[in-house]
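Please read them with the structure open.

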Amino acid sequence: MASLLDEAGKLGWILFKALIRFAFMLLNNCVAIPSYCLYLIVLQPLRIMDSRTFWQIEGLMFKWLLAMVSSWGWVAGYTVTEWGDDVKPISEEETMVIVNHQATGDVCTLMMCLQDKGMVVRKMMWLMDHVFKYTNFGLVSLIHGDFFIRQGKAHRDKQLVYLKDHLDKFYYSRERKWIVLFPEGGFLRKRRETSQAFAKKNELPHLTHVTLPRLGATQVILKTLGPQQENGTLGAGDASATAGPTGSKSRGLQWVVDVTIGYPKARPMDIQTWIFGYRQPTVTHVHYRIYPIKDVPMETEALTDWLYQRFVEKEDLLAHFYETGVFPPLKGQTQAVSRPMILDPMWLCAIQTGAFASGYMWYSLLQHAYCWFF
């Protein structure tokens with residue numbers, strides 16, 4: 001009987017905590033997202049006169065909003081440990097990021113672990129499934145210029161045309177530096193069976209912890225943003241390679257960062273977990289590999305093989321991680337070195353305080369405006 005009461009008490013506490021977290025996050029969204037939109041509406045004259053400054057301000061607020069989401073996981077004890085290459089030295093250079101996709105929490109994890117990577121979050125573009133457009137953060141991502149891609153054969157060709165048009169229109173005009181995509185084209189649990197059947201039919205590697213990636217979006221990004229060479233390969237661009245509409249010059253993509261996300265016991269974190277916080281404190285492990293763009297082939301068959309090889313490596317990395325709890329060392333290392341990703345609690349508090357202060361300010365201004373007109 002005492003054991004049942006104890007379990008009931010623990011369950012009651014989890015439900016109470018989840019309810020409090022949900023109420024806070026609902027309020028958090030109700031003040032932060034409208035404030036973001038209202039600031040940008042007021043700043044529209046600046047967008048006309050000096051679009052570069054406008055998008056710099058927008059990028060700063062975008063980073064604050066992503067830090068707000070990061071804080072939800074941080075206070076629940078959901079932290080990140082990083083492995084592999086250090087991406088901070090290339091945070092100011094144009095980079096394509098490819099990530100394995102297990103659950104909705106992957107996006108939240110990236111929002112957290114990129115917070116301390118210089119200007120990355122302010123100048124990044126996301127490629128996400130179109131369902132994210134209808135989440136609480138969808139409006140912010142639309143304004144920021146992220147791309148929502150529809151999955152499935154019926155939409156595939158049109159979506160790639162739309163993606164190229166989107167990159168041409170928004171990537172350089174808003175001075176984006178990093179572009180993040182999930183080449184698998186869906187969550188692991190949804191695509192694994194189909195991927196394995198395709199692999200068996202075509203004598204490709206049998207993968208369990210990841211699925212075979214799709215080439216389309218990756219190839220469009222490389223062709224549109226990568227510095228082209230005469231032999232059809234990619235190489236380090238020069239300073240005069242590409243000029244954006246703002247007048248700033250770009251060298252084109254310089255790096256590909258291969259990000260592998262691993263969850264303890266292969267239990268992915270979904271966004272509901274981040275919101276309600278019902279899981280025990282969890283450390284998510286993120287592994288980075290950096291490849292110079294000149295090492296990436298452009299010809300379709302060679303690029304397909306290169307991309308498949310990256311996901312075979314991810315399979316090996318995750319197999320080692322699930323067996324040992326750590327990622328294997330890089331070539332030339334005798335022991336893998338991990339780095340805890342640390343967020344400053346005072347900074348997170350300042351972000352939240354600013355969000356609620358902005359919400360109160362806009363509420364007061366709109367209330368006075370309503371009383372004045374009506």
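1. On a 1 Å grid over the protein atoms alone, a cavity is a set of points where a 1.4 Å probe fits but cannot get out. A pocket is an open set with protein on both sides within 12 Å along at least five of seven lines, and lining residues have an atom within 4 Å of a point. Grid points are joined across faces, edges and corners, and a volume is the space filled by probe spheres set on the points.

2. Ground rules. This is a predicted model, in which local features need pLDDT of at least 70 and side-chain atom pairs count only at pLDDT 80 or more, while totals for chains, interfaces and linings use all residues. Residues are numbered from 1 along each chain as its sequence is written, and side-chain values use heavy atoms, with hydrogens and water left out.

3. Cavities. The structure holds 3 cavities of 30 Å³ or more. The largest cavity has a volume of about 170 Å³. It is lined by 16 residues, and Val107, Met111, Phe132, Phe137 and Ile271 are the closest to its centre. At least two lining residues come from each of α3, α4 (105–113), β3 and α5 (138–144). Helices (H or I, at least four residues) and strands (E, at least two) are DSSP runs, numbered from the N terminus. α4 gives the most to this lining, with 3 residues. By class, the lining of the largest cavity has 10 nonpolar, 5 polar and 1 charged residues. Here Ala, Val, Leu, Ile, Met, Phe, Trp, Tyr, Cys and Pro count as nonpolar, Asp, Glu, Lys and Arg as charged, and the others, Gly among them, as polar.

4. Largest pocket. Its volume is about 870 Å³. It has 34 lining residues, and Gln151, Gly185, Gly186, Arg191 and Arg214 lie nearest its centre. Two or more residues each come from β3 (124–129), α6 (153–171), α7 (188–201), α8 (216–225) and α10 (300–324). The largest share, 5 residues, is from α7. The lining of the largest pocket divides into 17 nonpolar, 10 polar and 7 charged residues.

5. Second largest pocket. The volume here is about 250 Å³. Its lining includes Tyr36, Tyr39, Trp64, Met68 and Ile351. α1 (2–42), α3 and α11 each give two or more residues to it. The lining of the second largest pocket has 9 nonpolar, 3 polar and no charged residues.

6. α3 against α11. The axes of α3 (residues 51–75) and α11 (residues 345–373) come within 9 Å and cross at roughly 120°. That makes α3 oblique to α11. Axes are lines fitted to C-alpha atoms, for helices over the stretch in contact, and angles run from 0 to 180 degrees between N-to-C directions. Angles under 35 degrees count as roughly parallel, over 145 as roughly antiparallel, 65 to 115 as roughly perpendicular and the rest as oblique.

7. Which residues of α3 and α11 meet? Lys63, Trp64, Ala67, Met68, Ser71, Trp72 and Trp74 in α3 contact Trp347, Leu348, Ile351 and Gln352 in α11 (heavy atoms within 4.5 Å). This contact has 8 nonpolar, 2 polar and 1 charged residues.

8. α6 against α8. These helices pack at an angle of about 35°, with axes 10 Å apart. Among the residues that meet are Leu160, Leu163 and Tyr171 in α6, and Val220, Ile221 and Leu225 in α8. The contact of α6 with α8 divides into 8 nonpolar, 2 polar and 2 charged residues.
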